[in-house]
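This report looks at how parts of a protein model pack together. Look over the sequence and the structure before reading on.

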Amino acid sequence: MLLAGVYALVAVGLTLIFGVMRVVNFAQGEFLMLGMYAAFWAFTLWAFDPYVTLVGAIPLFFLVGLLTYALVMRGVIRASHNVQIFTTVGLSIALQNVALVLWTGDFRFVRPWYYSMVLHFGTTAFNVSQVVAFVVALALTAALFAFMRWSYTGRVMRATAQDREAASLMGIDTDRVYALTWAIGIACAGAAGVLVAPIYPVYPTAGLQFVLLAYVVVVLGGLGDMAGALLGSLIVAGVEVGGSYVIGTAWKEVLYFMLFIAILLVRPAGLFGQRGAERLGM
Amino acid sequence: MRHRPPLVVVLTAAFVLSLLAGGSHGQPLSGEYKIGVLEPLTGPLAFEGKRHLEGFEIMRDMINERGGVMGKKLVFAVGDATDPTAAASETSRLIAREGVRIVTGTYSSTLCGAASEAASRQNAIYWETSCVDPRFTRRNLKNVFRTEIDGSGFGWYNIEFIAKHLVPRFNLKPNQLKIAFLSEDSSYGQGVTEAARQRAKGEFGMQEVAAEYYAFASTNDFTPIVLKFKQLNPDIVHHIARGNDAVIFWRQSREQNLPFKALVHAGATGYGSPDFGKALGADGNGPFALLEPGPGFKIEALKPDGQKIEREFREAVQKKTGSYPFGGHQLAAGGLWLLKLVLDRAKTDDLDKFRAAVLALDLPVGSSVNGWGVKFADNGQNANDRVQHYMLQWQDGQLVTVWPEEFTTVRAKWIPLGAWDQRK
């Protein structure tokens, strides 16, 4: 269940980018993978604890986001969805292979002193790194939620999401908003990567196992809806764990995809999404 | 005062000795003989694929120092098989563009089926050295051969080890043993697990308390399974893992204090991969993995020919990599050495004559690299009981050979496994 926090952080980044920019970022998992490598190298080369690295990783990945927006996404932001999909899929494959060339396909591990430390709550035991990942991921998600809800910049981003043309007419620099949105989304993925690095091995395709579920979470919660993404992540993690325990591990994906289809049949826009969310945005 | 022999006598003797010692070594090779080598060199299996290729290259150089194949220098055309589709297309390219008549490889059971089908369509020989999917040699393809054991052999060996070596030390009878099967759901995992389940129940009457399969690529949390196993209280967990799933399951079992008496795996993946030791160090002490021989292996237990080639192979790996051979090295090298023996006997790559030479080859256990023997069946599978395998155990961050005991100087520890913090 503690993985729900990480799913939420990845999904919130995805849903933010989709909500404001109307772009499905297929490279989100690769930015998570880069976050894992950042934690690994900082730990290996300079003995930085992953949670210390996290403090630097968030602004670092924000800058990486700004850079990739300027170099890759700005050119396709007004292109068709097909072009955007091909671009982010291409970015995903390119990043995976850059990691493979630079760091090989070898599994690498971050082993801080607390990596095997366990906390006991009654009869249940939790790894410390999992608990920290859950708490920090939820805190970052809540902070982002508050930023979008109450800050001036957040309101500007929501205004752009609701009507790009009207926002431009009101004097909002939409290109800047898109750059900011993309950079925040990438920073979320990078932070999630740093948080899971003490728990899972680091390798070039490590992001895939998280991002597949994040897509399910985003659609389940409602495209572009951050609260929906958070609830969706809890539902998916709950079904995954409960289904594995009661029915069998082989059934867990069948179960949450059946739930996913069932919810979409009843509420096509997801649990919290509005109909036509892809046009309305957040 | 000693009488020194004349210089001309010394030089003549040296010349004669060098000719005798040369034998097959260093004799002039007439031209080149090219084979295709297919490995996953990019993508998630790249690391193991590169190690496998390294094993081929080391053995190729050894073969060329011993007269090559059919008197020619052995050379490779290498293909990158990232996934089954690429495996098929690269096989076709190696045959059509590079002109090879024999393709060998591949590290993975997910690749060998597609690659061998592609080779079969072009009537080329497919010489598999490492995949263990039992279906591979059940298709009755006349061009397909496998030097490595198949998955059912892995299952057979694992249950043999459990019934004959572990159960007596638990002071139990085999039919009193509670065993939980857990496996990733590829053809490799399923092949090994189903064979083990069948033998455990059918031959020994072991009590199967669980049989769980999971998707390797998307499973990153084993807590539900660990909690379920805690309730079922198995004596042994038979876990066929593929990669980091071994690390995650072991860590989470430790965190949840799952008290099994032993964990048994088969193959160079999961618990059989050096990555397991890198991730856990001494915290990974205890699990068993059925593999090719590792440290502790008693070379003297092999036949004279086997001792010679095994010793020279180890020295070559040590020289090139600075370490003991890993499973990927051993599988590739063992298979390529047998290919040389066949080609030297067949003296051609014509399929019918090559096949006749394969089926005629008959070497007892201990004759070749890894202590393997050879006796191929009509379906192209080397006999499981000739492909001698060994049980290795993680002891202080290293996989060491512990069984069969006649082949090793090291003994298994922690039987049964004690408390998680007392295995050092």
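The model is predicted. In chain A, helix α6 covers residues 152–162, and its buried residues are M157(A), T160(A) and A161(A). Viewed along the axis of α6(A), these buried residues lie within an arc of 105°, so they line one face of the helix. An α-helix has 3.6 residues a turn, so residues three or four places apart point the same way.

The other side of α6(A) has the exposed residues Y152(A) and R155(A).

## The nonpolar core

The largest nonpolar core contains 209 residues. Those with the most contacts inside this core are V6(A), Y7(A), V10(A), A192(A), V103(B) and A115(B). Helix α8(A) gives the most to the core, with 16 residues.

Apart from neighbours within four places in sequence, V6(A) is in contact with A133(A), A137(A), A192(A), L195(A), V196(A) and F210(A).

## Where chain A touches chain B

The contact is made by 24 residues from chain A and 31 residues from chain B. On the side of chain A that touches chain B, the elements giving two or more residues are α4 (81–103), β2 (124–127), α9 (208–221) and α10 (226–246) of chain A. The largest share of this side, 3 residues, comes from α10(A). Sorted by class, the side of chain A that touches chain B has 12 nonpolar, 10 polar and 2 charged residues.

## Two helices in chain B

In chain B, helix α3 (residues 84–96) packs with helix α4 (residues 109–121) at an angle of about 35°, and their axes are 8 Å apart. The crossing of α3(B) and α4(B) is right-handed.

From α3(B), the residues that meet α4(B) are P84(B), A87(B), A88(B), T91(B), S92(B) and I95(B). Their partners in α4(B) are T110(B), L111(B), A114(B), A115(B), E117(B), A118(B) and A119(B). By class, the contact of α3(B) with α4(B) has 9 nonpolar, 3 polar and 1 charged residues.

## An exposed leucine

L265(A) is in helix α11 (residues 252–266) of chain A. Is L265(A) buried or exposed? L265(A) counts as exposed because it has 8 C-beta neighbours inside 10 Å, and the cut-off for exposed is 12 or fewer.

From C-alpha to C-alpha, L265(A) and A133(A) are 33 Å apart in space, and they are 132 residues apart in sequence.

Definitions and conventions:
Residues numbered from 1 in each chain as written. Chains lettered and ligands numbered in written order. Predicted model: local features only at pLDDT ≥ 70, side-chain atom pairs only at ≥ 80, totals over all residues. Buried ≥ 20, exposed ≤ 12 C-beta atoms within 10 Å, placed from the backbone. Helix = DSSP H or I, 4+ residues; strand = E, 2+ residues; numbered from the N terminus. Arc of directions from axis to C-beta. Core = buried A, V, L, I, M, F, W, Y, C linked by C-beta atoms within 7 Å. Contact = placed C-beta atoms within 7 Å. Nonpolar A, V, L, I, M, F, W, Y, C, P; charged D, E, K, R; others polar. Axes fitted to C-alpha atoms, helices over the stretch in contact; angles between N-to-C directions. Left-handed = near helix turned anticlockwise from the far one by under 90°.
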